[in-house]
Amino acid sequence: MDIQEKKQLQAFATRIRMAALEAIHSIGSGHVGGVMSIADTMAVLYGREMNVRPEDPKWPDRDCLVVSKGHAGPAVYATLALKGFFPYEELKTLNRGGTRLPSHCDRTKTPGVDVTTGSLGQGTSQAAGLALGNRIKGRKNRVFLIVGDGESNEGQCWESFMFASAKKLGNLVVLIDWNKRQLDGYLDEVLPMGDFVAKMEAFGFDTVKVDGGDVEAIAAALERTRAGGDKPYAIVLDTVKGHGIAEVENTAMNHSMPVNDERFERWTAQLKAELDALEG
Amino acid sequence: MLNIVYNGELDPRLCKDVIGATVADIVDHDPNAIFLDADLMSCSGTLKWAKANPERAIDCGIAESNMAGVAAGLAVAGFKPIIHSFGTFASRRCYDQVFLSGGYAKNDMTVIGTDPGVTATMNGGTHMPFEDVALYNALPGATVIDASDPACLASVLRQCQNRPGVKYIRVGRKQLARVYADGSELPIGKAITLRDGSDVVIFAAGLMLHEAMKAAASLEAQGISAAVVDCFTIKPIDADAVEAFAKKCGAVVVAENANRHGGLYNNILEVLAERCPVPAACVAVEDEFGEVGTQSYLMERFGLTAAHIEQQAKAVLKRK
């Protein structure tokens, strides 16, 4: 990847963080930690890897994204708004009555959201079904599935991973957001999940681990999944919950947190400075 | 065409073979239809056909929650999935997935739950769903069917392919009394009058239809005129038919192979309360868990026989 493209993707990730923060601030609080930890991945997916048409969100041959950790909705909405799926200003309707942007992703409401998620684990089986269905239909597209590390406590995830492997879904790419924290604290305190790479390999996935804050590393890992084949892919994203805003990273309980005016302005100013440096 | 041919005899076919043949026919003729099972294809009569059609007959293994989610994902991809498991696993075990990934997310699917209520016989209490009807009754927009006989089963299965929302069909794997001629069309949502009457109406579904017909014949011999109405569509209930017969007869008995709470009795009582309050009683499971035994033992044990219907009919007549 050339330096120019890397900077563009980094800038896109920063814009996603700023837009998500703006949405969450507009309603006062939200799932800041898990939104920030996948911002870099969202930037690479929509800035480089995925083939989508904002003007035709239901184009049958599009690549699909299933954000099974559905509480990261604001990261998805920020990305889709920046890509032009709907007006940017709509981000400020997050969680308000009648909105198209509910806390958790909903395919029936938001242009560009492919699968309804939020009840943890359920996105994983739907992603497998979608990948299988696309393959039967002869489509050449791929399904990207983002799973939370805490979410993987749910047994349904592992049922779906067995299924994806058994059905040789080489058009499915599972991205595990290994940010080490879940709602009640660190995974190792709540329910230790062990070695995700070894687990996914044991479940029959072609697996790599990358720095989930490094757009170049994420891009390289995604690029190698283009080959398809007879194994589903897993990319374990080594991330930091709250990544990109130091104060959020350093807040112990950052799963959901208030974003008041003062925080919003301070954090936005920090992100804006980063953006200016990247684009200056 | 709708032709009632009830004469008290069992249909020679096993319902599982009717499921197998009908599902195969639907999938073979509709490129968007797809069938999923959870290691029970031999019980849904689909195994032989599935082995020859592995692309659109998917064995998901013993993982019903995943199966329901996969079905939802297939719906996103443009398919119209039909999934099967035993009634307990097709309801309780994967309810959250059918509810959210299916119903809430507008991913239409048909769910077949075999061995409802006492038809689970030798598998016993762990496999005996009395509550499946109540669960699906509470899923917004769902269609809930208790199939009357093989012709009804085939008719509703075909209709479900083009019906929005979640459709739940409960049916035993074995034999049922023959009620309708083959090829009969039973429009979902329409109750069917099997026998007219004027003193009391028996609304029944599935296995209990045969018991209701036997009870009505016995009551007739005692000078009581009992109507029997097939409520194979539990939801949406045919409110107009319920109201019309309640008005005409002035006394109601509901017979169902399920818990008295939350099922057919519930849906009929809602209509009665809102449109035509008349005395009513039910022949259903009195809020109990299942247990093992033969079907005849279990029907006695849980009070689901023609004699129980007759007893309730006489009791409700006294309250007229």
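This is a predicted model: local features need pLDDT of at least 70, side-chain atom pairs count only at pLDDT 80 or more; totals for chains, interfaces and linings use all residues.

Over all chains, it holds 9 aromatic pairs.

Take A:F161 and A:F205. Their ring centres are 5.6 Å apart and the planes stand at 75°, so this pair is edge-to-face. A:F161 belongs to helix α6 of chain A, residues 155-166, while A:F205 is in the loop between α8 (196-202) and β7 (206-211) of chain A, so the pair ties together parts 44 residues apart in sequence. Are these two residues buried or exposed? A:F161 is buried, at a relative accessible area of 2%, and A:F205 is buried, also at 2%. Both belong to one aromatic cluster, formed by A:W158, A:F161, A:F203 and A:F205.

Next, charges over rings. The charged end of A:K137 sits over the ring of B:F79, 4.5 Å from the ring centre. In chain B, B:R301 lies over the face of B:F302, with 4.4 Å to the ring centre.

Last, the helices. Two packed helices are described by the angle and the distance between their axes. In chain B, the axes of α1 (residues 15-29) and α7 (residues 150-160) come within 10 Å and cross at roughly 30°. That is under 35 degrees, so α1(B) counts as roughly parallel to α7(B). Their crossing is right-handed. Residues making the contact include B:V18, B:I19 and B:T22 from α1(B), and B:L153, B:A154 and B:L157 from α7(B).

Key. Residues are numbered from 1 along each chain as its sequence is written. Chains are lettered from A and ligands numbered from 1 in the order in which they are written. Side-chain values use heavy atoms; hydrogens and water are left out. Rings of Phe, Tyr and Trp (its six-membered ring) pair if their centres lie within 6.5 Å; planes under 30 degrees apart count as stacked, over 60 as edge-to-face and the rest as tilted. Helices (H or I, at least four residues) and strands (E, at least two) are DSSP runs, numbered from the N terminus. Buried means under 20% relative accessible area, exposed over 50%, partly exposed in between (1.4 Å probe, protein chains only). A charge sits over a ring if NZ of Lys or CZ of Arg is within 6 Å of the ring centre and within 35 degrees of the ring normal. Axes are lines fitted to C-alpha atoms, for helices over the stretch in contact, and angles run from 0 to 180 degrees between N-to-C directions. Angles under 35 degrees count as roughly parallel, over 145 as roughly antiparallel, 65 to 115 as roughly perpendicular and the rest as oblique. A crossing is left-handed if the near helix is turned anticlockwise from the far one by less than a right angle, and right-handed if clockwise. Contact means heavy atoms within 4.5 Å.
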